[in-house]
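Here is a short briefing to read beside your model. Keep the 3D view open and follow along topic by topic.

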Amino acid sequence: MMVSRSCISLLDLASGDMMNFPPTPRNLPRVITVPGIISDIEDESTSSELNRSLSKPQEKIILVANFLPLNGQKDSESGKWCFSLDEDSLLLQMKDGFSAKANVLYVGSLKIDVDSSKQDEVAQELLEKFNCVPTFLPPEIQKRYYHGFCKQHLWPLFHYMLPMCPEIGNRFDRLLWQAYVSANKVFADKVMEVINPDEDYVWVQDYHLMVLPTFLRRRFNRVKLGFFLHSPFPSSEIYRTLPVRDEILKALLNADLIGFHTFDYARHFLSCCSRMMGLNYESKRGYIGLEYLGRTIYIKILPVGIHMGRLKSALNHCSSAAKALEIQERFQGKRIILGVDDMDIFKGISLKLLALEQLLRQRPDLQGQVVMVQIMNPARSTGKDVQEVKKEVYSTTDRINETFGVPGYNPVILIDHPISFYEKSAYYASAECCIVNAVRDGMNLIPYKYIVCRQGSQIIDDALGVAAETPRTSMLVVSEFIGCSPSLSGAIRVNPWDVDAVADALNLAITMPAVEKRLRHEKHYRYVSSHDVAYWAHSFMQDLERSCKDHYRKRCWGIGFGLNFRIMSLSPSFRKLSVETLVSSYKRTNSRAIFLDYDGTLVPQASIIKTPSPNVISILNDLCDDPSNTVFLVSGRGRDSLSGWFSLCENLGIAAEHGYFMRWSREATWETGRLEVDFDWKWIAEPVMRLYTETTDGSYVETKESALVWHYQDADPDFGSFQAMELLDHLENVLANQPVVVKKGQHIVEVKPQGVTKGFVAEKVLSTLNEGGKSPDFVLCIGDDRSDEDMFESITSVACSSSAPEVFACTVGQKPSKARYYLDDTIDVLTLLQGMAAASNSRWRGSHICSGRLAFFPPGWTDPIVGWLRFKHSAAASALHFLAAKRKLLETLLSVASRGSIEFFFEYRSLFSLPHFTGLWVESMVYIFSWGCQRSSSFPRPKAPRDSRPSIIHRPIPGAPPKLRAHAEHQISATYPASQPPATANPTGV
């Protein structure tokens with residue numbers, strides 16, 4: 001296994017003038033010039049602490065990217081590979097933002113193919129000399145991973161290009177996706193070889209490695225992991241077309257900090273999380289946090305910068321000065337418009353040329369005075385689209401030069417070959433205007449480089465004969481669709497598709513007064529020089545450390561398989577409520593109070609069917625039938641709905657409309673929390689809600705007796721949330737002088753009287769029980785909404801003020817809550833309640849009354865018998881309880897008799913020999929005989945003798961005592977006279 005080791009500074013390894021540039025100062029300025037940037041708002045002590053922690057020598061920063069910051073060349077004579085640092089690599093330049101004592105390790109692939117027999121030797125050399133860990137991918141995997149999935153699927157999609165037909169894109173290929181996952185796994189394995197998960201930080205770069213966080217998180221639950229996306233992130237409408245959208249999104253959420261260049265890119269990512277996974281985010285003190293399974297994933301918005309030292313070193317090089325002088329002499333008296341772009345379909349080179357053509361057509365006086373120098377960097381990918389773009393650029397250039405060119409002057413100069421950094425720097429310094437016209441691009445640092453080079457240097461100024469005190473100017477025309485556009489407030493922003501607008505922008509740029517050019521340049525230079533690559537890297541690492549500071553304060557569990565793996569992270573005091581723990585406490589107690597929410601607790605929040613299932617009714621009845629329990633359903637729904645849905649639950653207490661209406665059982669009357677409430681405010685609030693309903697598709701208003709609720713669960717998630725916040729503010733203003741409160745809940749905005757909360761219900765029930773001498777020693781409260789937090793707070797205060805009863809406040813779902821426990825979903829809730837119901841039944845089965853005899857009863861008999869015994873021997877049971885339990889038992893015995901099992905019933909007579917059962921057995925037999933008479937009389941019979949009563953009593957019944965037969969015959973004779981046999985059977989009416 002490869003191990004990490006210390007290495008000298010990478011910058012010290014370089015030689016030559018190009019690398020003799022001054023490092024960026026460590027004390028970076030704390031300024032904000034771009035909206036949405038996560039600022040450093042901590043105090044001096046916090047900042048100093050972070051700087052000290054980043055300077056710990058034992059910490060290692062592992063930078064993972066597709067390519068290592070190396071150039072490789074094979075010696076033709078010896079056949080040995082020679083490597084050198086790639087000075088233009090962003091990965092290398094990031095090191096200047098870290099502490100000088102930081103040990104930076106690079107993990108990535110090489111741009112060359114190394115024979116498998118030489119890979120170990122090369123890997124060892126790169127680790128020792130450059131602190132680089134190479135990932136050697138098999139050629140076929142490399143081709144499918146990089147040139148396949150990355151360049152044919154992700155890169156076009158992230159730049160808003162959909163494969164509508166084979167001519168403009170490749171359809172999704174599952175084999176390419178598998179290669180992408182395999183390659184990410186190889187990268188992750190290399191990181192695992194060199195990481196110390198307790199100390200090291202891992203920073204993953206760009207879309208090539210978006211599923212790598214899952215592999216690392218699965219191996220090390222508490223790995224300190226950051227990810228930065230250097231490309232655009234598309235809108236949710238575009239991203240959702242990707243067949244593996246869920247896998248990639250969940251993989252990114254395994255990082256602790258996710259970075260984007262602009263707020264637009266971050267907003268699109270957050271919108272995808274909201275629409276596809278139902279995740280919400282919030283901003284606190286400048287930091288955007290996304291709550292996911294108990295973890296907080298932070299979002300960093302900060303555009304990358306350039307390396308100031310690298311550019312200044314190039315400007316001070318003699319080669320740059322010589323090239324600048326050459327350019328000045330070649331284009332003497334002409335205004336240079338510069339374009340530097342990669343050769344690909346999104347750079348908008350052809351649109352840029354069309355704008356120049358339009359400008360020359362509109363301004364004939366500029367012919368011979370304006371020249372566009374277009375430098376085309378080599379394409380990063382190959383394909384038919386690149387060749388078509390190149391062909392179009394050349395044909396457009398030829399047409400413009402033929403139309404507007406004269407001997408010795410061509411309006412467009414194409415440079416379609418690699419040129420050195422010195423030459424580019426000289427062109428930057430010489431151009432009066434720079435245009436970046438990409439139709440979609442990630443960051444694009446060309447404008448930054450242009451601004452710095454226009455500031456000039458002593459060597460170039462001397463070569464061009466420019467005085468040092470000469471004011472510097474620069475003009476930028478940038479596309480709205482590139483990442484650097486928001487940070488360049490002095491640039492002329494254009495829509496690249498609008499050729500006329502781009503032509504007008506070019507005209508404005510070259511004709512603008514020098515004073516205004518100077519002011520714009522100074523503003524840009526201040527920003528670019530202070531927000532360089534070192535500032536960007538330093539800021540990201542600060543936020544990454546801040547994001548990971550709670551790793552060891554929480555407990556972590558890994559859940560899911562494959563790419564669906566994710567981490568659940570919970571506070572030690574916030575844990576899942578187990579059935580065993582609750583039932584154990586339930587059995588030890590004798591007076592219990594149980595509070596249950598309805599929507600999201602007993603029925604799923606997203607369920608279309610809102611009525612309770614038979615299983616829910618059965619469970620609630622089992623709990624309510626226990627005389628030791630006081631069960632209350634506490635909901636925001638109206639009392640009519642709840643009373644109708646739970647009409648079969650005789651002993652269930654219901655608190656409707658958040659407790660405004662209460663009743664203790666089905667036969668009890670409704671109590672009103674506040675009798676003197678004035679509802680005139682409804683005339684003010686309802687029209688406002690109706691207005692928002694008309695403008696928000698999928699929303700509706702629910703009118704309750706005591707409240708008004710605006711629902712937007714079926715509306716567009718983003719628009720619905722936006723409208724909810726607007727409605728909340730609107731209602732708070734118009735109802736400021738009314739005795740009501742306006743609250744935002746889960747997909748609702750509610751207006752209700754002041755003081756009406758679920759917490760009030762819990763307090764009232766508990767106080768009533770205390771006053772009645774039945775102080776609860778067990779309190780359970782389960783809910784899922786913000787309104788349930790009041791109940792959690794109320795019952796928690798009970799635990800502090802009383803003799804420490806068993807208190808369980810439980811929320812549904814992992815989220816910040818005042819509850820100490822959680823359950824995952826409604827299925828967990830019902831499982832928990834079933835466990836308590838079974839405990840109530842088992843309590844009676846195991847009591848001394850039964851003496852172990854219930855174990856001998858047939859299946860289906862025990863529950864009714866237990867219910868009957870429970871109320872027969874309970875002082876707390878009412879007569880209504882007892883009769884209901886007795887009726888349930890008799891109906892069960894009747895169902896046995898209906899299957900012809902009367903004789904079978906007599907076989908269990910001995911089980912009723914206890915005094916507690918004797919009366920029940922006799923009464924049951926009378927009940928069954930009476931039903932038998934009815935059944936026999938309802939079928940056609942042959943001609944009966946004079947005594948036409950049912951013959952069932954004449955049949956000898958084994959073990960039937962004479963007194964029972966006499967009692968049964970008397971009951972039948974009184975019920976069915978011989979001359980009037982019953983016409984219909986009605987066993988339940990006996």
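Two strands pair if DSSP finds at least two bridges between them; helices (H or I, at least four residues) and strands (E, at least two) are DSSP runs, numbered from the N terminus. This is a predicted model, in which local features need pLDDT of at least 70 and side-chain atom pairs count only at pLDDT 80 or more, while totals for chains, interfaces and linings use all residues. Residues are numbered from 1 along each chain as its sequence is written, and side-chain values use heavy atoms, with hydrogens and water left out.

**The chain as a whole**

- The protein chain holds 33 helices and 32 strands.
- Of its 990 residues, 54% are buried, where buried means under 20% relative accessible area, exposed over 50%, and partly exposed in between (1.4 Å probe, protein chains only).
- Among contacts (heavy atoms within 4.5 Å) with a separation of 6 or more, 72% link residues 24 or more positions apart.
- The accessible surface of the protein chain is about 43600 Å², and carbon and sulfur atoms supply 52% of that surface; accessible areas come from the Shrake-Rupley method with a 1.4 Å probe, and for residues only the protein chains shown count as cover.

- Strand 27 (residues 708-711) pairs with strand 29 (residues 748-753) in the antiparallel sense over four bridges.
- In that pairing, W710 stands opposite V749 of strand 29.
- Strand 26 (residues 700-703) also pairs with strand 27 in the antiparallel sense, over four bridges, and a hairpin of four residues joins strand 26 to strand 27.
- The bridge partner of V701 in strand 27 is W710.
- In a regular strand the side chains alternate between the two faces of the sheet.
- On strand 27, L708 and W710 point one way and V709 and H711 the other way, and all are buried.

- Nine strands make an open sheet with mixed pairing, in the order 20-32-31-30-21-22-23-24-25.
- Strand 20 (575-576) and strand 25 (671-672) are at the edges with a single partner strand each, so one side of each has no neighbour in the sheet.
- Within this order, strand 21 (residues 592-596) and strand 30 (residues 778-783) pair in the parallel sense over five bridges.
- A593 has V779 as its bridge partner in strand 30.

**Nonpolar cores**

- A nonpolar core is a set of buried Ala, Val, Leu, Ile, Met, Phe, Trp, Tyr and Cys residues joined through side-chain atoms within 4.5 Å.
- The largest core has 80 residues, and L63, F98, W203, V373 and W536 touch the most other members.
- Helix 20 (residues 533-547) gives this core its largest share, seven residues.
- A second, separate core has 70 residues, including W177, V181, A251 and I297.

**A buried glycine**

- G226 lies in strand 7 (residues 224-228) and counts as buried, at 0% relative accessibility.
- Leaving aside residues up to four places away in sequence, G226 touches V202, W203, V204, L257, F540 and L544.
- G226 and F540 are 314 residues apart in sequence, yet 8.5 Å apart in space, C-alpha to C-alpha.

**A nonpolar patch on the surface**

- W683, I684 and V734 form a nonpolar surface patch with about 330 Å² of accessible area together.
- In patches of this kind, residues have over 30% relative accessible area and no salt bridge, and nonpolar side chains (Val, Leu, Ile, Met, Phe, Trp, Tyr) are joined within 5 Å; a salt bridge is a side-chain nitrogen of Lys or Arg within 4 Å of a carboxyl oxygen of Asp or Glu.
- W683 sits in helix 24 (residues 682-695) and is exposed, with a relative accessible area of 72%.

Terms used
Patch = residues over 30% accessible without salt bridge, like charges linked within 9 Å, V, L, I, M, F, W, Y side chains within 5 Å.
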